[in-house]
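Subject: Handover of a structure

Dear colleague,

Please find below the structure that I am handing over to you. My findings follow it, arranged by topic, so that you may read them with the structure open.

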Amino acid sequence: MASIVLKDLRKAFQVKRKAAGLGGSLASLGRPRYETVEAVRGISLEMESGELLAFIGPNGAGKSTTIKMLTGILHPTSGEAQVLGFVPWKQRRELAYHIGSVFGQKPQLWYHLPPIDTFDLFAHIYELDRKTYERRRDFLVEAFDIRDLLEVPVRKLSLGQRMRCEIAASLLHHPRIVFLDEPTIGLDVVAKQQLRDTIKQLHAEEQTTIFLTSHDAGDIESLCERVVVINHGQVIFDDAVKVLKRRYLRRKVIEVRFAEPTNGHLDLAGVSVIKLGRYGAKLELDTSSRPIETVIQDLMAGHSIVDINVMDPPMEEIIRAIYQRDSAFEPVAEGA
Amino acid sequence: MLEEIRFVGHLIRLNLASNMEYRASFLSQIVGMIINNGIYFVFWLLFFDRFQEVRGYQIGEIYMLFAVLTLAYGLAFTFAGNAGEVAGLIAQGRLDYYLALPRPVLPHLVFSRMGQSTIGDLTFGIIAFLFTGKLDLVSIVLFVTVTLLAALIFVTFAVTVGALAFFLGNASQLTDRLLQTLLTFGLYPFGLFQGVVRLILLTLIPAAFIGAVPVQVVQLHDGGALALLAGVAALSVIVMVGVFRLGLRRYESGSAININI
């Protein structure tokens, strides 16, 4: 059964334009100039119950605007949407009882109070009875490993700790769909992975439908089955994550630091050396020709390593590849 | 309705707890505001030391005017601390939090912040009432009623002007200016104003209904004036809800980072 159905959804904003400096401001005061910017340009998609979908794209692609229309925060300019059978902007309050949302840059937790106070407030907002609330809270506290954080003022928490509490708060009322808008933004590698693992585990246990936006390709690789890529407000890719990976996430960049100086040569089969210094190197690998584990094993066998970092291509590069299908990202036939 | 009142009660308790996190700031702001109001009040005491009456107001009416107005202002902006911030919240796209939750946006928004310095106004208003000498039961009941109605008018006025940000883009300064105008005109004996100014103070900037009319109700036990005040308060709620709902359709959100204090 479809949880979310979008048909030709569009949103345009009027944006004021003015020339630089005081002269521009004076001219704008007398005769303001507005331009219509189409943030979302005819998005259509369906999402099944229990699906974990990644909705990705670079900054300004229209991800947050779409989520805001799906949660009833924004009215669309045109088009249709149904979320759990509700039209979000017309039945916002009814829908809100069944969905949870986390906006990475718009915290819900009260800043000067400990998370437990916001949890209590949310129990009130969602009209949860005391017993149901406490049982659910205790379960989430264990799942997100936040017992020690519950009574610490939010302002004293690290970003990763705070985000774990934010997501736990959004799940208190057992929502059928959770919208996660950039939940890993600003987190370090460890905190990101911890958060991804918890989301994955909860999704497996509760079959909650998860609509995740991110511009971190790692989030999609670790979490999702299906990915929708949007750019300039339009869907440019909608398929399984494994297809995206096979086509566009094959390239990995490995940064490595050595404990001892190299002899100026680094010879690894299937790996291109982008940069080589005395104590470090930047390498590029096509994972379809060689698994990354074997490269790391070879590196560790031949050198004493201090630090190693494996990176995905940035989102902008993936988008470019989708558009251009450049040689580095040449699509591979299904089943290859 | 009862559930909404309980919810607002929960928000107020949470706000109190949040404000008390910084005890020194909390107390100093309250004391500062009491002193501020006191200085203004002394001006009137000195004035009435030289003159017996100004446009029908004697010192008793001034005590009552200060009592109603400062207590109403204190109640409004202590408990509905976001009422004066609506324009900024709209312009910065900070309504998202309230819109994503299953509660009526306006009460949730307005009661989600508590003023600190306004607790000083609130305290001052109570002290001023003790000086009025109108401490019989009927007067006390009337005083409480008109003060609550005046507080409601303060809130609806601030929210309505703030909601113009949906249409104008930013109305923060307009809200500040108009609230200041409302307060200033409310603090003078109404008999001083004639003609067009009087008309404005009875309509667009309802200063008469936060000062002169409530004073008349308590001083003269005037039932007609009380009914008029209640009617204006009800009308102001309808206007506020109408403007806010109309504006909400034009809400554009934003990418500003925000926190709940």
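Strand 5 and strand 6 of chain A run parallel and are joined by five bridges. Within this pairing, A:Phe103 has A:Asp181 of strand 6 as its bridge partner. Please keep in mind that the model is a predicted one.

Where do the residues of strand 5 of chain A point? A:Ile99, A:Ser101 and A:Phe103 face one way, whereas A:Gly100 and A:Val102 face the other, and all are buried. Because five of the five residues of strand 5 of chain A are buried, the strand is largely enclosed by the rest of the structure.

The sheet of chain A

A:Ala54 has A:Val227 of strand 8 as its bridge partner.

Two residues with positive phi

Most residues other than glycine have a negative phi. A:His174, however, has a phi near 55 degrees, a positive value in a residue other than glycine. A:His174 lies in the loop between helix 6 (159–170) and strand 6 (177–181) of chain A. A:Glu182 also has a positive phi, of about 55 degrees, and is not a glycine. A:Glu182 is found in the loop between strand 6 and helix 7 (189–206) of chain A. Is each of these residues buried or partly exposed? A:His174 has a relative accessible area of 48% and is therefore partly exposed, whereas A:Glu182, at 11%, is buried.

Salt bridges

Over all chains, the count comes to 20 salt bridges. One of them joins the side chains of A:Arg10 and A:Asp8, at 3.3 Å from N to O. A:Arg10 is partly exposed at 29% relative accessibility, and A:Asp8 is partly exposed at 37%. Another joins A:Arg137 to A:Asp138, with the closest N and O atoms 3.6 Å apart. Here A:Arg137 is buried, with a relative accessible area of 14%, while A:Asp138 is partly exposed at 34%.

In chain B, B:Arg103 forms a salt bridge with B:Glu4, and their closest N and O atoms are 3.3 Å apart. This pair links distant parts of the chain, 99 residues apart: B:Arg103 is in the loop between helix 5 (96–99) and helix 6 (105–110) of chain B, and B:Glu4 is in helix 1 (residues 2–19) of chain B. B:Arg103 is buried, with a relative accessible area of 0%. Both residues belong to a network of salt bridges that links A:Arg93, A:Glu127, B:Glu3, B:Glu4, B:Arg6 and B:Arg103.

Helix 3 of chain B

Since 16 of the 21 residues are buried, helix 3 of chain B is largely enclosed by the rest of the structure.

Yours sincerely

Definitions and conventions:
Residues numbered from 1 in each chain as written. Chains lettered and ligands numbered in written order. Predicted model: local features only at pLDDT ≥ 70, side-chain atom pairs only at ≥ 80, totals over all residues. Heavy atoms only, no water. Buried < 20%, exposed > 50% of the residue type's maximum accessible area, 1.4 Å probe, protein only. Helix = DSSP H or I, 4+ residues; strand = E, 2+ residues; numbered from the N terminus. Pairing = 2+ DSSP bridges. Salt bridge = Lys/Arg side-chain N within 4 Å of Asp/Glu carboxyl O.
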